[in-house]
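Please read them with the coordinates open.

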Amino acid sequence: MGVDLRQVVAGILTITMFVMLIHMIKRDHFDAVVQDKFPGATKDADFENSKFEGTHVRKDIGLWKGDAADKLKPCWAKPSGDDVEQTEGFVIFSLTNGPEYHMSQIADAVIVARSLGATLVIPDIRGSQPGDKRNFEEIYDVDVFKKSMGGVVRVVKDLPDNISKNKIAAMKVPNRVTEDYIVTHVEPIYRSKGNIRLATYFPSVNMRKAGKNGDTDSIACLAMYGSLELQPEIKDLVDSMVERLRTLSRKSDGQFIAVDLRVEMLDKKGCQGSEDGEKEKRCYNAEEIAKFLRKIGFEKDTTIYVTESRWDDSLDSLKDLFPKTYTKEAIIPADKKTKLEDSKDSELEKVIDFYISSESDVFVPAISGLLYANVAGRRIGNGKTQILVPADIQDSSASVSNFLSPYISKKNHFAYSCYC
């Protein structure tokens, strides 16, 4: 009895289709189970006690990219030095409290020096501890700074030996100093004393766009976004740490979140009250940040960098929901780790935090302040506009678009006056 080849082939096809059907049923069942376990799929009132197992099967591009702004170009006009009468005096100042302050301090000093026709002395950099002092070039590229100031103000490295620092008049000016303020309060003293030492104070954190101020805005744009670059060794260190975070983030295509969360700041007065009489919350702890990120859809394997100097027990609640949470001591190159641990180099730590926060794919300011404001300015220029402001979300989930920084959604940051 012969075998009909057509019947054999038909039988094989039938068995193959049956096996494929079984696999499809199993896969659909598994996907449904994963979806049920992911936060937001069901109404779960007890978020704190929820267990998040498995990985969400859908990649939410909107979490990382938002509206994906292109990198902008500087559109400020460099003013000419011919417009200002040159004088013989000097303006000296220091950079303090980290890069978020340096940007504003450098802008105010350049604006004042240009208005007075004075020569600007390259600043030193001072930390929070007595005696913590270093040269400008230990952190920043001095050649880039000098070149950026060409035609704007005269710049020298040191004050001439014949001028005693002890006899220089000390003056404070408000951040975002205006031409009117300089003419009224600064110029008379400068004309009388010949030289001034400048210090910027911050009556409020205000980086919103104001009315157009011509040359003053152009000079501020140049000073804040075109004059300060890290010197090569420090830049290489920051770049290596960013690359380390991207390597740890393979499951999210190398993307990571930076969270400005410094535990010691949470107990300070600025975090306890409200700003301008508003009841809006200004600071969030690790547990609140963890809940916020999960409710807007970030997955358990998301990589998070936290600006806290060393690991603190209060960060455990963040690590419980996001195991790939790191502070700088965990990602700094081994040959630099000893320097970070042995020294009280708070200035280096601030530099690392500021520039990693500027380079991350998403930035979350757990603390409202100048770091948030000036990191936002740098990110705007680089097209990294995914800045998410935390909130207490009452529902089990929420859209990420509801928490985009007003600096971005309203385009009201001063940086939008500088880039186009």
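Which residue of β10 does Tyr-305 stand opposite?

1. Tyr-326 is the residue of β10 that stands opposite Tyr-305. The pairing behind this is that of β9 with strand β10 (residues 325–326), parallel in sense and made over two bridges. As with everything below, this is read from a predicted model.

2. On its other pairing, β9 is joined to strand β8 (residues 256–260) by four bridges, and β8 and β9 also run parallel. Here Val-306 of β9 has Val-259 opposite.

3. The sheet as a whole is open and has four strands, in the order β10-β9-β8-β11, with parallel pairing. β10 and β11 (362–365) are the edge strands, each pairing on one side only.

4. Strand β9 (residues 303–306) is covered on both faces. Thr-303 and Tyr-305 are buried on one side, and Ile-304 and Val-306 are buried on the other.

5. For the helices, I looked at one pair. The axes of helix α3 (residues 99–116) and helix α6 (residues 215–226) come within 8 Å and cross at roughly 140°. Angles over 145 degrees would count as roughly antiparallel, so α3 and α6 are oblique to each other. The crossing of α3 and α6 is right-handed.

6. On the α3 side, the contact is made by Met-103, Ser-104, Ile-106, Ala-107, Val-110, Ile-111 and Arg-114. On the α6 side, the residues are Asp-215, Thr-216, Ile-219, Ala-220, Ala-223, Met-224 and Tyr-225. Taken by type, the residues of this contact of α3 with α6 comprise 10 nonpolar, two polar and two charged.

7. Is Pro-174 buried or exposed? Pro-174, placed in strand β6 (residues 169–174), has a relative accessible area of 14%, so Pro-174 is buried. Leaving aside residues up to four places away in sequence, Pro-174 touches Asp-108, Tyr-181, Thr-200, Tyr-201 and Pro-203. Of these, Tyr-201 lies 27 residues from Pro-174 along the chain, with 5.1 Å between the C-alpha atoms of Pro-174 and Tyr-201.

8. Arg-246 belongs to helix α7 (residues 232–247). Its relative accessibility is 23%, so Arg-246 counts as partly exposed. With residues up to four places away in sequence left out, Arg-246 touches Gly-254, Gln-255, Phe-256, Glu-359, Asp-361 and Lys-384. Phe-256 is 10 residues from Arg-246 in sequence, and the C-alpha to C-alpha separation of Arg-246 and Phe-256 is 6.7 Å.

9. The secondary structure comes to 15 helices and 11 strands. Of the 420 residues in the chain, 47% are buried. Among contacts between residues at least 6 apart in sequence, 74% join residues at least 24 apart. The pair Pro-174 and Tyr-201, at 27 residues apart, is one example of a touching pair with such a separation.

Terms used. Residues numbered from 1 in each chain as written. Predicted model: local features only at pLDDT ≥ 70, side-chain atom pairs only at ≥ 80, totals over all residues. Heavy atoms only, no water. Axes fitted to C-alpha atoms, helices over the stretch in contact; angles between N-to-C directions. Parallel < 35°, antiparallel > 145°, perpendicular 65-115°, else oblique. Left-handed = near helix turned anticlockwise from the far one by under 90°. Contact = heavy atoms within 4.5 Å. Nonpolar A, V, L, I, M, F, W, Y, C, P; charged D, E, K, R; others polar. Buried < 20%, exposed > 50% of the residue type's maximum accessible area, 1.4 Å probe, protein only. Pairing = 2+ DSSP bridges.
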